[in-house]
Amino acid sequence: MSRLSEDNVRIALEIIGHYPRARSATIPLLHLAQQQDGYVTNDAIRHIGELVGATSAEVLGTATFYEMFKFEPVGKYLVNICRTMSCALLGGDQLMHHAEHTLGIKAGSTTPDGLFTLEHAECQAACTEAPTLQVNYRYRFRVTPETFDALIDDLRAGRLDSEIPPHGTVSRVRQRIPVDRGVGVVAPEDVTTAPSWMLAPEAAK
Amino acid sequence: MTTTESNDVSSDDSPAVIPDPNAVSVIINGKQFIARQGDLIIKAAEDAGVYIPRFCYHERMSPVGMCRMCLVEVDTGRGPALMPSCMFPVAPGMVVDTESPVSKAAQEGVIELLLANHPLDCPVCDKGGECPLQDQSFSHGPGESRYVEEKRHYEKPIPISELVFLDRERCILCDRCTRFADEVAGDALIHFTSRGNTTQVITFPDEPFSSYFSGNTVQICPVGALTAKPYRFKARPWDLEEAESTCTSCAVGCRIAVQSSRDELLRYQGVDSDPVNWGWLCDKGRFGFEGIKHDDRLTTPLVRTAQGHEATSWNAASAAAVQLITDAIAAGGASSVAVLGGARGNNEDAFAWARLAHDVIGTPNVSAQFADGLPVGVLGMPRATIDETAAAPTVILLAPDLKEELPVLYLRLRDAAVKHRSRVIEFAPKASGLTRYAWRTVFYEPGTQAEAVRAALATTDIAAQVAMGDVVIVVGRANLAESSAPTVAALHALVAALPNARVLPALRRGNVMGAISVGMRPGKGGLDSRGILNAAADGKIECLILVGADPLADVPDGDLARRAMAGARRIIAVDTFINASSALADVVFPAAAYAEKSGTTTNIEGRVTTLAQKVTVTGTSRPDWMVAGDLALRLGTDLGFRSVDDITASIAATVDGFEDVTPLALAHAPNGVLTSVVVMEPVVTPSIVLAERNSYDFRLVVSRKLYDQAIGTSTSPSLSPLAPGGAVFVHSLDVARVGSAIGASVKVSTPKATIVLPLAADDSVQRGTAWIPFNQSGANPGDLIDAAAIVTDVRIESI
């Protein structure tokens with residue numbers, strides 16, 4: 001349980017600076033919190049509320065809409081196995097059964113070493129490659145029990161570290177846009193004139 | 001498409017009738033109606049006598065279209081289509097059909113879906129019998145359900161605050177409570193979470209819905225999802241009897257419905273009074289009824305004997321009181337009798353006591369305030385109503401924290417500020433509930449508010465703002481640790497610069513405006529409350545009469561109050577409880593409490609509204625006016641009052657400003673009758689000379705929280721735990737100066753006294769000042785306050 005670190009507060013303030021209203025930064029800051037701790041802690045929610053001027057209840061209300069924000073500790077690798085039509089027809093269920101057996105946990109839980117969390121997922125939009133799974137949202141196609149075991153071995157051995165960062169990582173290189181290079185977004189309620197592209201061609205000139 | 005022109009009734013031979021530009025002609029269920037521009041269809045239909053079922057729509061909140069219950073067929077010229085009537089304003093020529101087969105099918109479908117997951121536990125649900133879901137299932141539902149699956153289940157109920165319980169399985173997700181919390185109260189502590197199949201309203205873990213206004217969510221919940229602890233499982237709605245009355249917990253004057261069953265008060269509900277409370281109540285007002293039925297209520301008169309207080313008859317007590325008064329007059333003349341109080345009763349009580357004091361006893365020493373109010377002359381300044389204040393372009397606050405002292409006035413001003421009708425310029429010694437919404441907040445060091453006002457008015461932006469139109473000054477005592485002089489000086493500075501500004505007094509006690517207006521104020525040459533207390537302390541008061549007054553708890557200067565109570569030779573008290581002060585009285589009369597007596601009350605704007613008796617008095621207690629009438633008769637004068645209406649009529653006949661407040665007028669005015677402002681004695685501009693402040697000292701601010709140890713709160717089991725308790729608060733950057741850890745006990749001292757309180761940090765407190773909430777548990781900050789001093793400086797030291 002932790003609030004945002006000092007470094008992350010600096011990033012958070014920069015993110016907030018990109019928006020005309022601090023509250024608009026709620027979701028990027030939730031990503032930041034999840035990146036920091038692997039899941040969104042209650043302390044982080046409270047901290048985000050303070051940063052954007054919202055109550056903790058409001059931040060929680062926003063965050064809980066999104067499946068990909070987690071509020072309980074999640075393993076370093078979140079394994080989502082698809083169970084929608086194509087995958088189900090081509091062995092998704094057996095794959096899940098095998099995965100549960102291999103990892104020794106039921107779907108929805110985390111291995112005691114904190115390495116893997118196993119979850120069902122709905123359609124991952126790769127039906128031609130069924131059955132599919134994602135590790136921290138990185139695809140694996142036409143997964144068989146053998147390739148699944150190999151994948152787990154690779155992850156355990158750290159052979160995939162360069163491809164698959166720990167759960168919560170949004171990107172390894174954060175895009176930094178200095179505030180002075182922002183596009184100068186104006187809040188909708190502060191807009192007084194129609195944008196130039198809506199004006200008649202002559203008026204726009 | 002038809003237009004408004006088709007309604008134009010002017011013809012060639014009649015003079016031109018100018019069509020109302022705001023009129024919109026619509027057809028509802030085949031009949032033509034004229035609606036107002038901007039009205040929502042659901043509202044226009046209701047005004048036309050057509051009820052469209054609804055759950056989420058609430059007239060005092062913005063529409064959200066959550067529940068879909070108000071779907072009706074609307075034809076705007078493109079053919080009929082189903083529309084949620086709470087989301088669309090009327091348009092010219094609109095054809096609305098609320099009874100068409102399509103409308104009916106839509107409404108039945110919505111009810112059926114809502115009931116799919118709603119438990120059928122109406123027989124054990126508090127809402128059963130007054131439940132919009134139950135009622136509208138009967139009136140607009142299909143009558144049967146096709147849903148045979150298992151309903152959802154949640155843990156039930158969970159407390160979301162000290163006062164409110166939530167049954168999530170009953171919730172239909174109408175967004176009323178969450179909208180209220182965010183939009184109206186500004187305490188967005190409940191919110192929808194896990195939106196989707198499992199949407200539910202919930203608080204953040206360990207952050208309860210501790211809003212001062214949480215009870216309103218229970219009242220507006222259209223199902224039994226939210227229930228209030230004080231009423232849960234207490235009664236069925238069909239067993240309740242109800243009378244409309246006015247809340248007197250503070251002086252805003254919110255209209256309420258007092259409900260009882262078998263002669264026991266069980267619930268108050270807010271009544272929508274457009275000029276005052278808009279249907280809202282604060283929790284202190286809503287749940288304060290518990291104190292009225294408390295076991296410790298006085299039931300018989302008491303007289304002091306060698307063994308202490310002894311119960312006696314009214315006859316004996318009255319005779320004893322008259323003996324005390326005549327002895328006092330014989331010993332020191334009529335002016336050695338003083339009367340304090342009246343603000344906790346109604347206009348009639350105050351008037352009878354004022355007549356007794358001024359005309360029968362003949363003393364000018366009468367006061368309804370307890371050295372914590374304003375000079376009565378402020379009441380004679382041009383006054384603004386609450387509506388006028390909330391519509392004025394500029395509202396200047398020179399007042400206590402309205403959220404703590406006049407909560408529903410806070411709601412009205414917050415609404416004005418967030419909807420951009422008013423800009424609030426706040427002058428305060430400490431951040432208040434309205435600081436978040438204020439356009440400008442000027443923090444001043446206690447005592448220097450007049451300079452702060454003058455400096456602020458000299459700045460360009462504030463000068464430009466106050467020149468924009470009406471200005472209303474809300475004035476009251478922001479700090480009990482200073483005299484009223486600096487506030488009055490600041491008020492004078494404002495009025496001198498803004499001669500057209502009007503004033504809204506922010507005085508707190510229920511009927512303080514009424515009591516002062518009908519005569520509970522010093523007569524010619526009479527002493528004000530501080531004068532009376534000083535005289536009593538000096539042994540010059542032969543008989544002190546307390547009418548619903550507890551100087552030991554009410555007067556900020558605790559030492560003065562103690563000396564006054566010790567110095568007064570004879571004390572008569574009229575009260576509902578034995579409190580610190582009435583415990584010292586020689587005779588105590590048990591007074592009828594709120595809802596045990598009828599009458600009228602006057603709110604801060606001078607609006608007189610009715611009070612209803614709903615339950616029988618406790619024991620043999622009587623309304624204050626009867627006590628006054630009896631004592632007057634025994635002293636040889638018949639005041640001539642035989643009923644409350646007699647007195648109301650007498651007030652209308654004799655009190656300036658109350659001419660229109662007749663019993664008949666009140667009977668026909670649910671929103672009450674406004675009194676006119678009567679110019680009283682002019683307010684003298686005080687000259688203020690502040691002593692140089694020692695830089696080691698903190699300047700003291702003492703102010704009230706909504707919940708404290710006042711008798712009404714401490715005798716309500718649901719409210720008393722909400723009092724925060726005493727502590728001395730400093731700014732977090734000042735903690736190091738004190739040299740103690742937060743939470744540690746520290747000595748707070750003046751040359752006069754030292755008290756010990758825990759230290760706390762609060763950044764709403766300004767640097768260099770210290771804040772202590774008044775009348776909380778722990779040491780009494782009143783011991784530090786000297787009523788004769790303009791400000792109070794304290795030293796805070798670790799122990």
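Is A:Asn136 buried or exposed, and how many other C-beta atoms lie within 10 Å of it?

Modeller: A:Asn136 is buried, because 21 other C-beta atoms lie within 10 Å. Buried means 20 or more other C-beta atoms within 10 Å of the residue's own; exposed means 12 or fewer, partly exposed is in between, and the C-beta atoms are placed from the backbone.

Before going on, some ground rules. This is a predicted model, in which local features need pLDDT of at least 70 and side-chain atom pairs count only at pLDDT 80 or more, while totals for chains, interfaces and linings use all residues. Residues are numbered from 1 along each chain as its sequence is written, and chains are lettered from A and ligands numbered from 1 in the order in which they are written.

Back to A:Asn136. Its place is the loop between S3 and strand S4 (138-140) of chain A. Strands here are DSSP runs of E with at least two residues, helices are runs of H or I with at least four, and both are numbered from the N terminus. The phi of A:Asn136 is positive, about 45°, although the residue is not a glycine. Most residues other than glycine have a negative phi, and most peptide bonds are trans.

B:Ala371 is not a glycine, yet its phi is positive at about 60°. B:Ala371 sits in the loop between strand S17 (366-367) and helix H10 (386-391) of chain B. With 27 other C-beta atoms within 10 Å, B:Ala371 is buried.

Now the cis peptide bonds. One runs from A:Ala130 to A:Pro131, with omega near -10°. A:Pro131 belongs to the loop between strand S2 (116-121) and strand S3 (133-135) of chain A. In chain B, a cis bond joins B:Lys156 and B:Pro157, and omega is about -20°. B:Pro157 is in the loop between helix H3 (132-140) and strand S6 (158-159) of that chain.

A:Ala130 comes up again in the cores. It is among the members of a separate core of 21 residues, along with A:Tyr77, A:Cys87 and A:Ala121. A nonpolar core is a set of buried Ala, Val, Leu, Ile, Met, Phe, Trp, Tyr and Cys residues joined through C-beta atoms within 7 Å. The largest core has 268 residues, and B:Ile473, B:Val728 and B:Ala770 touch the most other members. Helix H9 (residues 347-361) of chain B supplies the largest share of this core, nine residues. Beyond its neighbours within four places in sequence, B:Val728 is in contact with residues including B:Val746, B:Leu757, B:Ala770 and B:Ile796. Contact means that two C-beta atoms, placed from the backbone, lie within 7 Å.

Stay with chain A for helix H4 (residues 56-63). Eight of its eight residues are buried, so the helix is largely enclosed by the rest of the structure. A:Ser56, A:Glu58 and A:Thr62 are among the buried residues. The cover includes helix H2 (26-37) and helix H3 (42-52) of chain A, together with strand S8 (190-193) and strand S9 (200-203) of chain B.

Two helix pairs in chain B show how helices pack. The axes of helix H17 (residues 529-537) and helix H19 (residues 558-567) come within 7 Å and cross at roughly 55°. Axes are lines fitted to C-alpha atoms over the stretch in contact, and angles run from 0 to 180 degrees between N-to-C directions. H17(B) and H19(B) are therefore oblique to each other. Under 35 degrees counts as roughly parallel, over 145 as roughly antiparallel, 65 to 115 as roughly perpendicular and the rest as oblique. Their contact involves B:Leu533, B:Ala536 and B:Ala537 of H17(B) and, in H19(B), residues including B:Leu560 and B:Ala564.

Helix H8 (residues 314-332) and helix H20 (residues 624-634) of chain B pack at about 60°, with axes 10 Å apart. That makes H8(B) oblique to H20(B) as well. Here B:Ser318, B:Ala321 and B:Val322 meet B:Asp630, B:Leu631 and B:Arg634.

Finally, chain B as a whole. It has 24 helices and 34 strands. Buried residues make up 54% of its 799 residues. Its C-alpha atoms fill a box of roughly 90 × 70 × 60 Å along the principal axes. Among contacts between residues at least 6 apart in sequence, 72% join residues at least 24 apart.
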